[in-house]
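Please open the model in a viewer and keep the sequence panel at hand.

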Amino acid sequence: MERRSFLHISAAGSILGASASHAQEPQDEEAKAPGIPVAMAPRPDGIEIIWRTHQLARGMVEFGPTPELGSTKRDDGWGLRPAGSESIRVRLDGLQPGTTYHYRTVTESMDKKDASRSVSAIRTFRTLDPAASATRFAVWNDTHKHADTIKKLAELTPPSDFLLWNGDICNDWYREGEVADTILTPAGGIDHSANHPLLLVRGNHDVRGTLAHQVEDHAPMPDGKPWFAIRSGPVTAICLDTGEDKPDDHPYLFGRAACEPMRQAQAEWLEQTITRPEFANAPYRIVFCHIPLRWTDETTDHGYDWYSKRSRDLWHDSLVKWGAQLVISGHTHRDAHIRSNDRFPYQQLVGGGPKHAQARLITAQADKSKLAIRMTDLDGKQVRALDLPALV
Ligand SMILES: [Fe+2]
Ligand SMILES: [Fe+2]
């Protein structure tokens, strides 16, 4: 927890932890300190700011085009102040595309005995710019809560227009607080959205466990659903949720999974989305989904899916019609590049895993001439490279 980024002030106006009356409670106050703000779900006209809390608190976001800020968002649109006991989220709308904003979060305890107030450091985020001539982004797959891997990935990830965390961020959800910790303060509290807003796509482990429903509470999505499309410069990215790697009625899932209707809903959404001009006419067209849509061996039954045939059967025709060039996935914990062919005009890139030797960082840069995608290991060594031509 990086307390230095917050001024934590008690009702009496003292800095908590520094006053004599709180000298015996540094650990308690440390545990209660709000997490580093996280900028998620960027759009051309907005973004969502979310941060970890450890007690019931209300919050607001002060923001503006300069460090002087100037605007405050202090309502949730439902007649209430944004509040929560595990996280607080504030959605900002009406922003300008491709613009850097400065912001800070304010957290006010709702505990009558502790009217503390915390103010974060001033930070920045940048909205997406669909009209930009170039873009760059980064992808993490299958971090599975491995702190060393996450820290190393964060260290290697360059500033980008967005960071796509492409699923299996956990090992199933069972512990109270785990969902908020994993998404908002991973690896003990790194600042993972400092240089790029975060987009999350769920993996099969992220829809598993008794608390899997809490992901919705702590993972803002651009359209409020776990699938979405974005345009960043010349790239359209369609982000899909492949759900579980087993059928919904598999005994292992004890009746909890309902991924089949979700995949069907995405099929219908996809059919419409590929006709929207801002997505249809993009020079580069890529797909993110956790489970690959193609795999090197599609014949063997392993008891779970190496690739999501259930998803592909529903989405393939629309992806071909749209002109999808590449699907970027994780899930297998071994990297692969499967080229296009007559049946599958889209390539498949797979990479990432929780252990040092399996982990991969994918970075991409697109301009008028090409979309250059590079995959490196955690030692910084390039293991895969592919360039996509502009379609228009
Ligand atoms: Fe995984
Ligand atoms: Fe997976």
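Two residues are taken to be in contact if their C-beta atoms, placed from the backbone, lie within 7 Å. This is a predicted model, in which local features need pLDDT of at least 70 and side-chain atom pairs count only at pLDDT 80 or more, while totals for chains, interfaces and linings use all residues. Residues are numbered from 1 along each chain as its sequence is written, and chains are lettered from A and ligands numbered from 1 in the order in which they are written.

Begin by colouring residues 3-126 as domain 1 and residues 135-389 as domain 2; these bounds come from an automatic or database domain assignment. Taken over C-alpha atoms, the domain centres are 29 Å apart.

Next, display the boundary, where 17 residues of domain 1 are in contact with 16 residues of domain 2. On the domain 1 side, select strand 2 (38-43), strand 3 (46-52) and strand 7 (87-92), each of which supplies at least two residues. Strands are DSSP runs (E, at least two residues), numbered from the N terminus. Strand 2 provides the largest share of this side, with 6 residues.

Then turn to the open sheet of 6 strands, ordered 14-15-16-17-19-18 with mixed pairing; two strands pair if DSSP finds at least two bridges between them. Select strand 14 (228-232) and strand 18 (336-338), the edge strands, each pairing on one side only.

Finally, centre on strand 14 and strand 15 (residues 235-240), which run antiparallel and are joined by 5 bridges. Here S232 stands opposite V235 of strand 15.

Terms used:
Helix = DSSP H or I, 4+ residues; strand = E, 2+ residues; numbered from the N terminus.
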